[in-house]
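Please consult the sequence and the structure shown here alongside the text.

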Amino acid sequence: VLLVGDSIPYTLLPGLQPLAAERGVTVETALVAGCGVVGGTVAYSDGQVPSHAPGCEKLVDDYERTALAHHRPEIVVWMSNWETNDRVVQGQRYRFGSPAWDDMMLDKIAEAAERLTSGDAHLVIATMPPRAPNELLPAPDSAEVARYVRLNELYMQYARAHPETVSVVDFAGAVCPDGPPCPRTVDGIEPRPL
């Protein structure tokens, strides 16, 4: 199994790798903190582009292609929350919530899926929940929650159209079982400290 995405999946590795090893499965990573899986450049809703974002597309593409060639995974698991943001693609800014953003994101999901399944691996995309409230930040507002809901809908739409190569696992439902607002703890465990 090859795990791709941003920093969020790193928090799962201490539990995931030993559990996988018990079943004879190796979990490798191609994770890039601060970068999502899809191409383009992240932009916040206020138009600001994070300083690291312009380099993400090439970095992620190179890292994933190298990891795919080296590990030859049977399954690739995609887990990232940077896809919920606006994007700049070839100089054009796409604002979340517009039909153009949906079309762009579906195109970018397709490009990433084709890259990640090019070695015949099956792609599993994990839905992403909005963050839970914590000491640093209050519960997300409805606009932030809508970004996660819409992105997860697009993941499911893409997977339904490509059932032989792509599946979706409801990670959001596991850590946010009753839907937003998400709880801080689930079954006595704090799955996402921040």
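Which side chain meets that of Glu-111 in a salt bridge? The partner is Lys-108, with 3.2 Å from N to O; a salt bridge here is a side-chain nitrogen of Lys or Arg within 4 Å of a carboxyl oxygen of Asp or Glu.

The model is predicted: local features need pLDDT of at least 70, side-chain atom pairs count only at pLDDT 80 or more, and totals for chains, interfaces and linings use all residues. Residues are numbered from 1 along each chain as its sequence is written, and side-chain values use heavy atoms, with hydrogens and water left out.

**Salt bridges**

- The structure holds 11 salt bridges.
- Glu-111 and Lys-108 both belong to helix 3 and are three residues apart, about one turn of the helix; helices (H or I, at least four residues) and strands (E, at least two) are DSSP runs, numbered from the N terminus.
- Glu-111 is partly exposed, at 42% relative accessible area, whereas Lys-108 is buried, at 10%; buried means under 20%, exposed over 50%, and partly exposed in between (1.4 Å probe, protein chains only).
- Glu-144 pairs with Arg-131 in a salt bridge whose closest N and O atoms are 3.1 Å apart.
- This pair links distant parts of the chain, with Glu-144 in helix 4 and Arg-131 in the loop between strand 7 and helix 4, 13 residues apart.
- Glu-144 is partly exposed, with a relative accessible area of 22%, while Arg-131 is buried, with 19%.

- Glu-64 and Arg-115 form a salt bridge at 2.6 Å, N to O.
- Their positions are distant in the chain: Glu-64 is in helix 2 and Arg-115 in helix 3, 51 residues apart.
- Glu-64 is buried, at 1% relative accessible area, and Arg-115 is buried as well, at 11%.

**Nonpolar cores**

- The largest nonpolar core has 29 residues; such a core is a set of buried Ala, Val, Leu, Ile, Met, Phe, Trp, Tyr and Cys residues joined through side-chain atoms within 4.5 Å.
- Among the members that touch the most others are Val-4, Trp-78, Met-105 and Leu-123.
- Strands 1, 4 and 7 and helices 2, 3 and 4 each supply at least two residues of this core, and helix 3 gives the largest share, nine residues.
- Leu-123 contacts residues including Val-76, Ala-113 and Val-166, not counting those up to four places away in sequence; contact means heavy atoms within 4.5 Å.
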